[in-house]
Amino acid sequence: MPATIQKDSLDFLTDLSKNNNREWFNANKDRYLEARDNIIDFADALLVEMNKHDQIETASGKKSLFRIYKDVRFAKDKTPYNSHWSASFKRATKKLRGGYYFRIEPGNSGLVGGFWGPDADDMKRLRQDIDANPDTWRTLLGDKTLVETFGTLYGEQLTSAPRSYAKDHPAIDLLRYKQFMLRHLFSDEEVLSPDFVYKVNEVFKKMRPFFDFMSEVLTTDANGMDLVG
């Protein structure tokens, strides 16, 4: 029997969103700890499944989980707790780039995979490849399975053309991306289903052509020479 997300792990978040203060949280600390353990068990089970088809650097479900306590120093919203569970998994080795992420929140659960914050060198290399091979990118992103599962590429974009690229560049829609991610949403009913861990894993598996393509671009130069050895 796979690790199943329990209904109270969602209900706790619903109640927390209505009572996002330290007094309520401290009074419900036992509920929080039980729900957190449930999500860790789920993440551990997911990690086992993911390592059957990918190499994940993240050591455990516990290591993957983000803290529920918010850093409010620079936030407009000063409520002290996140009203969702979330975790991320990093791919291992310099050859395998990108990362996986899941978010569990009543009415807003989903998965994201890809490249959250490419550094300047990565961004330059990606745009070089888009400039040189726009048709290859459109073929990748237009794949039937990818479109049916994720829709369109997801992520922040520049409001105008990046430096040194014309505003009327034929691939300007791709060149404007600052993040390169895929996203898939789940209903609460799906989240609570006994086979949810397998559903999540299958969606992550469908990201692999995207990950493999991006990893190839980011580990080779414009001439196709290996950059990481």
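The chain holds 11 helices and 4 strands, where helices (H or I, at least four residues) and strands (E, at least two) are DSSP runs numbered from the N terminus. This is a predicted model, in which local features need pLDDT of at least 70 and side-chain atom pairs count only at pLDDT 80 or more, while totals for chains, interfaces and linings use all residues. Residues are numbered from 1 along each chain as its sequence is written, and side-chain values use heavy atoms, with hydrogens and water left out.

Let's start with the overall picture. Along the principal axes, the C-alpha atoms fill a box of roughly 60 × 40 × 35 Å. Of the 229 residues, 45% are buried, meaning under 20% relative accessible area, with exposed over 50% and partly exposed in between (1.4 Å probe, protein chains only). Contacts are heavy atoms within 4.5 Å; among those between residues at least 6 apart in sequence, 65% join residues at least 24 apart.

Now turn to the strands. Strand β3 (residues 109-115) pairs with β4 in the antiparallel sense over 7 bridges; pairing requires DSSP to find at least two bridges between two strands. One place to look is Gly114, whose bridge partner in β4 is Met181. Strand β4 (residues 180-186) is largely enclosed by the rest of the structure, because 5 of its 7 residues are buried.

Finally, visit helix α10 (residues 196-205), where you will find Asn201. Asn201 counts as buried because its relative accessibility is 5%. Leaving aside neighbours within four places in sequence, Asn201 is in contact with Leu46, Glu49, Met50 and His53.
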